[in-house]
Amino acid sequence: MIDVLRRGAGVVLAVAGLAMSGGASAGDAGQTVFERNCRACHSIVRMQNRVGPSLFGVIDRPTASISSFEYSQALRSFSSVWSEAILDAFLGDPQAMVPGTSMRFPGLKDPAERAALIAYLKGL
Ligand code: HEC
């Protein structure tokens with residue numbers, strides 16, 4: 001009996017999951033991209049640094065500007081602003097955009113994923 005209940009609950013959760021992904025907005029899609037690719041190293045909580053700096057309010061923020069985070073020399077010398085276009089290029093291939101960056105991430109190759117992610121970061 002308990003087994004049947006458990007299985008029943010599993011089906012309900014699975015259906016709820018499908019319903020959610022079916023009606024997902026761009027923001028939800030971006031959040032999923034963030035959870036899968038960035039969360040291991042980045043927090044979206046203001047001033048909360050992990051392996052990488054907090055990404056709260058990163059859009060239009062000057063590069064390497066969180067004073068409590070120790071950036072690589074490479075990113076400090078990059079000296080720019082995280083506009084959507086620059087962030088898009090960086091996320092596509094971090095090492096190509098900022099050679100020597102300490103962000104060990106191969107890049108998000110899918111432009112649609114990058115666009116959803118940037119929309120999500122913009123809304124934080
Ligand atoms: C393996 C850990 C790791 C992963 C995964 C990672 N990052 Fe980073 N990120 C870092 C580190 C470390 C830095 C600092 C780079 C430096 O100083 O050169 C950084 C820096 C950044 C910066 C510059 C922030 C600033 O204040 O100038 C942005 C933007 C960024 N990451 C976005 C992302 C996004 C978006 C993702 C997911 C697609 C991601 N990162 C995935 C570790 C990571």
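Q: In this predicted model, is histidine 42 buried or exposed?
A: The cut-off for buried is 20 or more other C-beta atoms within 10 Å. Histidine 42 has 22 of them, so this residue counts as buried.

Q: Which residues does methionine 103 touch, not counting residues up to four places away in sequence?
A: Methionine 103 lies in the loop between α5 (94–97) and α6. With 21 other C-beta atoms within 10 Å, against a cut-off of 20, it is buried. Its partners beyond the local stretch of chain are Gly52 and Pro94.

Q: What separates the C-alpha atoms of methionine 103 and cysteine 41?
A: Along the chain, these two are 62 residues apart.

Q: Which elements give two or more residues to the shell around the ligand?
A: The ligand has 28 residues around it, and Cys38, Cys41, Gly52, Ser72 and Leu75 are the closest. Sorted by element, those that give two or more residues to this shell are α3 (73–78) and α4 (84–92).

Q: How many residues of the shell around the ligand are nonpolar?
A: Take the other classes first: eight residues of the shell are polar and one is charged. The nonpolar ones number 19.

Q: Which element gives the most to the largest nonpolar core?
A: That core has 15 residues, and Leu87, Leu91, Leu117 and Leu121 touch the most other members. At least two residues come from each of α4 and α6 (111–122). With five residues, the top contributor is α6.

Q: Which residues is leucine 87 in contact with, leaving aside its neighbours within four places in sequence?
A: Leucine 87 is one of the core members that touch the most others. Once its neighbours within four places are set aside, the contacts left are Ile59, Trp82 and Ile118.

Q: Which residues of α6 are buried?
A: α6 has twelve residues and reaches 16 Å from first C-alpha to last, close to the 16 Å expected. An α-helix has 3.6 residues a turn, so residues three or four places apart point the same way. In α6, the buried residues are Arg114, Ala116, Leu117, Ile118, Tyr120 and Leu121.

Q: Is alanine 64 buried or exposed?
A: Alanine 64 is in the loop between α2 and α3, and its phi is near 50°, a positive value in a residue other than glycine. It has 22 C-beta neighbours inside 10 Å, and the cut-off is 20, so alanine 64 is buried.

Q: And serine 79: buried or exposed?
A: Serine 79 sits in the loop between α3 and α4. Phi is positive here too, near 45°. The count is 9 C-beta neighbours inside 10 Å, where 12 or fewer is the cut-off, so serine 79 is exposed.

Q: What share of the residues of the protein count as buried?
A: Overall, the protein has six helices and zero strands, in the pattern α-α-α-α-α-α. Of its 124 residues, the buried share is 19%.

Terms used:
Residues are numbered from 1 along each chain as its sequence is written. This is a predicted model: local features need pLDDT of at least 70, side-chain atom pairs count only at pLDDT 80 or more; totals for chains, interfaces and linings use all residues. A residue is near a molecule or strand if its C-beta atom, placed from the backbone, lies within 6 Å of it. Helices (H or I, at least four residues) and strands (E, at least two) are DSSP runs, numbered from the N terminus. Ala, Val, Leu, Ile, Met, Phe, Trp, Tyr, Cys and Pro count as nonpolar, Asp, Glu, Lys and Arg as charged, and the others, Gly among them, as polar. A nonpolar core is a set of buried Ala, Val, Leu, Ile, Met, Phe, Trp, Tyr and Cys residues joined through C-beta atoms within 7 Å. Two residues are in contact if their C-beta atoms, placed from the backbone, lie within 7 Å. The expected span of a helix is 1.5 Å times one less than its number of residues.
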